[in-house]
Structure formats: C-alpha cells, structure tokens
Amino acid sequence: MVKLCIVLLFVLDFVNGQGKDPCLTATLINDARRHVDYNQTSDLCDRLLQPGFYRFQNAEIPFSDSCIDDYHCGTHKPVWIQGNNYPKVSDGLQARNICVNVVANDNNCCDYSKEIAVKNCGSYYVYYLRPTPGCSMAYCTEKACSGPKYSKTGLPPCTDAYPILTKNPVLSNPIVTTNDFEFKCHVPYPPNKHDATFEVTWLIDGRPTQSIPKQTISGGQRDVTLQGGSLYGHINSALSCSVVSTFTDQHTGGLKSPPQNSNEYFVGIQISHSKITVGDKLPDQQVFVTSTIPIVCRHQAQQTCALIFTVTTDNENVSPSTCHLEIKHTDWNPITNTAQTSFFINTSPTFTATSSSTSHVHFGVSTVPGWEWSGLKVPNITVVSTANRHGAQCKSVGDPHYFTFDNHFTSANKRFSNFHVGQFTLVKQKRGSFQVESRTWKMPGGRASLNCAVAAREGNDVIIVDMCDGPYEKTYPKLKIQNPAMFENKTNIVKDRSGNVFVIKFKSGAVVKVHLRNLNCLDVFISVPGTFAGDTMGLCGTFDGNYNNDLQRPNGHIDAVSRYPYSFIDSWRIPTGTSLFEKAEPLPAKNTRMDFCTCNKQTNKQECNNNHSAMPPISAFCTGCTAVDPVPFLPPTTTPPSVWVTMPPPVAQTTYIFPPPSQPPQQTAVISRPTATMYCFDVMNKYPSAQKCIHDVYQMGFTEIVDMCVNDIELTGDKDMGLSALTTMMEGCGFNSLIKPSNVVNGTFVTPPEAKVCPGACSGNGDCNNGVCTCVSGFESSDCSVNKTKLPSITDIYGGSACDSQSGDCHKPVVLGENMNYQKTACKIRGIHFSQYGSSTVDMTSSVVLADFMSTSHVACPLPKDPYNGDGAALKGYMMSLTNNGGSKEGNTQVYYIYNSTCMECDQLGSCSVKSGTCMIENKCYVNGDHDNRDNQGWCIPTVSNTQWTKQSPTTAAPLPTTTAFFPPSSKASQGSGALNNYTAVGTGCGCYFDTTRTDCACCKNYGCPCDATSRHVCFDCMTPDMCHH
C-alpha cells in the first residue's frame, strides 16, 4: 500500500507538471565517510534527512543480502538495500526495502526495514530516501563498478575486471637440479579456471630488468622458471617476480590487473657482521659468510666447483683464522637454503703491546664457479681493536720455585716455593683450552721436591715431557703424545741439539719450554701472549697486572702472598686419575679458530700457521733447535691411547704408579751458605751476557734470584742446582727483550739478539751470544755441558740391567750417565755368551756403534743380535761402555742382559736363574715335555735335569734331584764377598779375547768374564771388571 502511494504520488506530480525527472533533480551527496570500508568515526546520522530524491558522488547504496557490520560507513548502524535486484533503465522507478541491523548478535540482519524508491539513470542511480528512525544511523555507499570490478555501463551489477589472484605471487627458494639451479614464480589462481593469461616480469631490487625477458603463461599453467645463469650481473640483489593478469577472451575489454609482486629473495653473499670489536679480553669473533644460492657444477670437466674468496686486512695486529675462504657445492643445505662457511677474527696473539685502532677486513673474489657470480663484490668488515697488553712468562724452576705471570722483573721478583710431592695445575685458561700441569718427586733423603714431568694441552693436542716413571735419577725425560689419533698437528715441537731443552708452541701463541737438569729436575717456562690477559688461573696466577691477587684458589679465595702458601698450592693439586698424565679426554668438536694468519692487503703476504708474522717464531725461544715429529708412523689398525715420540725400550711403562715408591735416603754433600753464596754470585756475574741481564733487567730482583740459587744448593748439596737460578735469570731477560714493541717492524716480528736465550744458560761454562753458546776452553756441545777432558760415563741402564726379550725388542737399551756428546758419543760393545753349564765367553773384539743421541745425559746403544739363536737365546750379555773419540778411550763398563722369560727369571740387577718347570739347554728355552728335534729320544724333564736333555721318555723317567743353573749376581751383591774364584773354573786352557792366537787364558764358570792380558788367568764378575786387578 505504501509502495503504491509513492508511485502514484510520483505519477501525480509528474502529470500535474509539478515535478521533474529525479535523475535530473536529485540532490547530490558527496561524503567519503559513507563508504562501506570507512570505520574511523561513527557519528554520521540521517535522522534529520529531508525526504526526497538523492544521488551519491561516484558511489551507490549497496544491494546485499548480507549484513554490513556495525561501525562502518561512518556510523554506528549502517543502512543498505536488501537483495541484489538492481533495476534497469527501462524499469523506471522501483520500490526496494532498506535494512538496518538494530539488534546486534541476533540471527536477523534486517531488524528494521522501510520502503524506498530506486531509479536507474543509465550511469548512476537515484534514490527516494526517508529519515532514519534514530542515531547514529546513516545510509551506506560503495563505489560504482571500477578498479577490480567491471560492467559495460560502469553500474552494478559488477563482475571482475580481470582475473583475481587468491594471494600474492610466490617466489620459491632455489631449487637444485641435475647440474644447475632455478627459481619458480607461482601464480596463485584456481587451477580449475582456464580463462586467464598471466604476464610474469622478473624484478631486481623491485625494478624490472631488460636482461631477463618477460614470460607469459595461460590456461592451466601456474609456474614460471628462472634458470640460475639468468642472474648474470644481478648478484647481491633482491629477486622477486611481478604478475599482471587479464582474461584470455578479453570480455572485459582487455583490462589488465595492476602488477602484483611476490616475496623477495636475496641472491648473493651475506656477511654476518659489518662491524666487530676485537681485543685480548674478548673471545674470537666468528664471522659467517653465507651464499643464498647453490654453488653448482654445470660441466663435468669444470676444475673448480667452488666460490673462493681472499681475506685480507690493513692492520697487522688483526688476525683472521684464514686468508682464503671456500664455499663448495657440497655445502648447500636444502633445509636452510644456504651454503655457509665461517672464519674467526681477533687481535694477533703477539707478545708486544698494541694500541687501539680501527681497520678493515677485505674480501676479494678469486674464483667463481659460474657466470651468475660475475661482478660479485663483498662488503668490508670494520674492525675496532682495543689496546692489548704485552705477554707474560711464568716459571716453575729449581726445587721448585714459582714466579707468576704478574711477577714483574723490576719489582722485588718475589717467588713462592713448593716442597710437596704430587701433580698440580700450573696454568688453566678460562675461555680457551690451554692448560699446563706438572708432577713433582722428592729428592731421596732431602727436603726438596723437583719437577719430574710437565703436560701441556691446547685443544686435542696434548704433549707430555715425563721422567717420573722410574726411580730418582734412573730415568730420563720422554716426549709423549696423548690421543695421537686426534692430534691436530697445529703444535710445533722442537728440541735443542744437546737434548736438554724441549719447546712446545701452540697455535694460540702460548709456549712451554722445558729444561732438563741432570736427570733429576725439569725447569718449566710458560710464555703467553697478551691475548691471555685476565684469562688464566692456577699456580701461575691470574695475569691481570696485579701480583697481590695471584694466589687465587679455584673457588676464588685469595691467599696472602708468602714464601710457602701451601693452602693455595694444595688447592691446585690434581686428584689421582684426573690429570693429563693419566688421561686426556677428547674435547668436543666446536667452532674454534684453526690458525692465526697474516693476510696483509698492502704487502700481499699470506701465511696461515700457528706463527703469525707479528708473533715471535719458535726459533726466538730455541735458537738452532730442530723439529720433532709429534706423531710418528702408526700402523693403520693401531690407535693407542698414547705414543712415545722418543721411544723407550720395551721395559718402559706408558702408565706407572705416581708418586713412585720412596727410596732410601742418599748421602748428600753439605755445602755451607757462605760457600753457596760465593758460588752463586760468581756464576751469575761470570759472563758478559749475564752481567748485561742483571744491569738492564733484574736490578733489585737480582737479590731474589741469588737467594733462590743459594737455597737450592743448600737443600740439595748440588752446585749444579744453582744453574736453575742462572737459567731463570737469563730466560727472564730474554723474555723481557721479546715483548718490546720495537720488535714488530712493518707487521713482522724481528727477534732481537738479546732475546735469544742459550740452552741451560750454557751450563755456566760459556757465554751466550745471539742464542749460541761460546764455550770456555775444555767444554763443548750446544749447551757447553760436555767436559772434553772427561770420558763419558754410564751410571745406570734405564729399566735395569736385564730385559725380557718376550716383552719386545731389547736391543736398544737407554744408558744414563754424563758427558755424552751429539754425533760423537758411540757405544763400545762386547758380547758375552753363556752355556747351561755356567760357563761364559766374551767376544774377542768389540764393536763401536754411533749411539742414538738423546741428550748429554742419556743415549741409546744399538746392540747386535745373536747370529745363532736370534731372539730365542735364553740368556745373552753385553759389556757396554761409551766413547767420544771413536773408541780409543772409553768410560766405565756396564753389563746388560737379555733373557727369555720362557725359561729364565732375572731381576733388574742381573741376577738370573732357570724357571721352575722349564729347561735351559744349549742356551735355548724349553718347557716340560719338549723333545730334542735332532734326537727324538731326548726330552726336557726339569725334575730330572733343567740343563740337559733326558734320554728317557717323560712317562718312564725316574725323578732325580733337580739341577739348577744359577747366573751371576749383580756387582753390588758380590762386592766384598772375596768370591773372585767363584768365576774361575781353570786358570788356563781357554782362548784369549785380546789375542785370538793364544789359548792360555782362564776358563770361566758361573757366567764370569775373562780378564785382560795382565790378569789372563783370572775370571771376574762381569759387572765388576775392577776385580781383575785385585
């Protein structure tokens, strides 16, 4: 009825001529707030709107069956037209209902409805509107057909003007193919629709590029591919794709969509840092170099399938861990879509102080695997270097005394001492893996303890110098590698020609120097670069410039400085079973630098090893030393837990009880304090190099060094112990010269002559010049320890005087003594042959063989093997002496036995007997029941005889008293016994070893040895040749 009224009213007005066409007279409303998407304000209200015809500027009231949400169209309650039945022009004025969702959250969208009129005017609509019933309530609008919508007239109803993507295009990650890689641009459009054509443009940094042609797809195609080589000239850019769509049949007049861009993907090299800070108190800075596209090998003949960079610096104090970086095709990770490598940057581990600076790390591209990498440039890294302090040295010397890292030479040079026996931590790095441990043993009968072993570790390189494996002064230092299979080979080891000095230099720049002192003491010097500042703990202190806090326990407690701070010392005692000497658990693999490199941009110098050019070379610590192979050849199937570099004889133990059993007190000389003081002042001031050291460096600290020298001599009764003090002083002066900034010239360390320390301070028998000893008259060797007027002597044989041939090769015993000389000392050897009857013969002639030189106090003597019995001999003896002049003069003689433990029992003093239940027949071993291969009627039946074949079979032989052969006791057992004739069977009738034409020499028994021509009718205990002249 209302609808009728409106229409009739309109017709009536028009007919009466009182009205005009509303298409021409409608009031124009231009208010952007009415748009359906506007929700910034909600106060628009049409309650006061005058009834009449209205039109909207470039907009229409929505026709919809769906609700329009509250707080849109600039009002609280939007008003729209119900349904989607748009009137045509020919329909004239049409009635429609408006809707308002008055009650929120109910199921009825159209709580309020009212009738209005609508007319299609061709290019727009006019509406007969009435006031709304309340506020805020207003008529809503939407734009006419434009943008993504289309109609031929521009009026609703509208259709899509072009294909609408379901979302933005998607650029894939790199896809590796057989010999290339590619990207895919995916067009997200329903796959069941084939009405669209898509034009794909590849964008570089958001802009089209002419070098990559556009591509067009249609129908069911949705992906466009870009081959990796197409990135030529566009490396280090952001890649994306852009899609323009249109309907294939052009029913919308060929309208195209605006470009829709995909996600971006950076193609090239990314550096993890643009700026870093390095310094001695900062950890190594790890820099990651990442390729976001794969490295591909397009041709089988391609020689280099890697992207290779050069790394250079413009500051010699900045050290990368490599001068070359390589990203290989095998580095590609399809999960992260990256290929990555890394390196480390820090300050060079120098011993000289450096000031703060700013420099750069530069990257150059030396090799590219494909044309897509052409033109690659990698940004520099800015490096801020903090000021670094100079290096420091810690000492554990003498009996032993400790000088910490912060113990400055120009101060009172205070030390503390340790008379305890055990194993202790000298240095342990807080941030890194460097650590040094020591073992001490007790001088028999004395108060003093001495270093007998030192172990040093960095990473999985663990090196031990150890002589704690035997009785005091009856063993020698052995260089041992723990975990040889994991040895990184980044550690340099050298040995002085005298054999008395080992130097171990780690890749961090840390150096451990070990001096051997008379087969009873090791002096240890630990030098670290400034990069260790504030990073150490242990008996060597904290290295923070404050000596007063050096006595810091593991729990942080700081003890007062004193001469014998045993609470502090014992806090660094290492429990049994946990030291590096006993085991060294492999450290887990982690990101740590491998090298300190010199990669100088100006000089183009590129060196990568553990000796940065600004770092002192190992020759600065040991002039003239020769390299030691840290890991000798190991059979492929053998992976022992440790390996001895200086191989000991078979009787040596790679594990042993520590501390060793206590020994009987030794009688030590008594040297008065005045005598010791006079000696110390004399030896300290004897030569110009020592005088210069005192004047230039020690000054006030000299008194402390002299006191150390006097105390060591008083405690041990050995003046040679005073040489530890002299060595300590000279090592301190050498290190002080080493840390001067003037030593680094154009980025390269130049060792000053005064920094070159001679081995063992030339043993007090010479002066040191440029690291080389000039010996006084009568002395020689690289450390002046060999007295040319004395013969080399043997004091002991390592492991004892008897060696079991069944435990290994016994034919290279290590003899201990003194006055042995490099490439001069030879072993003079005469064989002793035994029979089961107790008789023995000595070779008429001796052989002279150059000894395997190990140090001036121990050599190995290569022995000839038995030509008849080989290693199967039951017992074999050798008379050994040493000579330094080719054999014309020789030192004292020692007898060495090799026995077969199958039938022989021998102690380490050389006292032997036949084992129970075995036979020794014709100097070969047999066990009960063995038969004579030459006569099947002969058997070894020990109950009948253990020295002869028994002709009866074992089942019929009647038991007889056992015959046992006893072999010579040691000289110590027979001294003073008066039993000289125990070794002489007959005074004449046997051949003479000194003259093969004579047979008027004594025949020996009980394994004695015949005397020389002056006493040829007498035999003697082979261990006591002096008995010949009694």
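**Disulfides**

I looked up the link of cysteine 185 and cysteine 241 and found it right-handed, with 80 degrees about the S-S bond. I was working in a predicted model. The sulfur atoms of cysteine 185 and cysteine 241 are 2.0 Å apart. This pair links distant parts of the chain, 56 residues apart. Cysteine 185 is in strand 15 (residues 181-186), and cysteine 241 is in strand 20 (residues 237-247). I noted a relative accessible area of 0% for cysteine 185, so I put it down as buried. Cysteine 241 is also at 0% relative accessibility and counts as buried.

I asked how many disulfides the structure holds. The count is 21.

Next I took cysteine 758 and cysteine 768. Their sulfur atoms lie 2.1 Å apart in a disulfide. That link is right-handed, at 85 degrees about the S-S bond. The two cysteines are 10 residues apart: cysteine 768 sits in strand 52, cysteine 758 in the loop between strand 51 (748-749) and strand 52 (766-769). Cysteine 758 has 2% relative accessibility and counts as buried. Cysteine 768 has a relative accessible area of 15%; buried means under 20%, so cysteine 768 is buried.

Is the link of cysteine 827 and cysteine 861 left-handed or right-handed? I read -85 degrees about the S-S bond, and the link is left-handed. The S to S distance is 2.0 Å. Cysteine 827 belongs to strand 59 (residues 826-834). Cysteine 861 lies 34 residues away, in the loop between strand 63 (858-860) and strand 64 (875-883). I found both cysteine 827 and cysteine 861 buried.

I then checked cysteine 521, which is in no disulfide. Its nearest cysteine sulfur belongs to cysteine 452, 9.7 Å away. Cysteine 521 is buried, with a relative accessible area of 0%.

**Aromatic rings**

I searched the whole structure for aromatic pairs and got 23. One of them is phenylalanine 181 with phenylalanine 183, an edge-to-face pair. I noted 6.3 Å centre to centre and 80 degrees between the planes. Phenylalanine 181 is buried at a relative accessible area of 0%. Phenylalanine 183 is buried, with 0% as its relative accessible area.

I moved on to phenylalanine 419 and tyrosine 564. Their ring centres are 5.6 Å apart and their planes stand at 50 degrees, so I logged the pair as tilted. Phenylalanine 419 is buried at 10%, whereas tyrosine 564 is partly exposed at 38% relative accessibility.

I also found one aromatic cluster formed by Phe56, Phe63, Tyr86, Tyr125 and Tyr127.

**Charges over rings**

I found the charged end of lysine 478 over the ring of tyrosine 476, 3.9 Å from the ring centre. Lysine 876 lies over the face of tyrosine 878, at 5.4 Å from the ring centre.

I checked the span of helix 7 (residues 722-738). At 1.5 Å a residue, its 17 residues should span 24 Å; the end C-alpha atoms are 25 Å apart, which agrees. I counted 16 of the 17 residues as buried, so helix 7 is largely enclosed by the rest of the structure.

Last, I placed proline 1010 in strand 75 (residues 1009-1010). Proline 1010 counts as buried at 11% relative accessibility. Its C-alpha atom is 8.3 Å from that of threonine 984, 26 residues apart along the chain.

Notes:
Residues numbered from 1 in each chain as written. Predicted model: local features only at pLDDT ≥ 70, side-chain atom pairs only at ≥ 80, totals over all residues. Heavy atoms only, no water. Helix = DSSP H or I, 4+ residues; strand = E, 2+ residues; numbered from the N terminus. Expected span 1.5 Å × (residues − 1). Buried < 20%, exposed > 50% of the residue type's maximum accessible area, 1.4 Å probe, protein only. Phe/Tyr/Trp six-rings, centres within 6.5 Å; stacked < 30°, edge-to-face > 60°. Lys NZ or Arg CZ within 6 Å of the ring centre and 35° of its normal. Disulfide = S-S within 2.5 Å.
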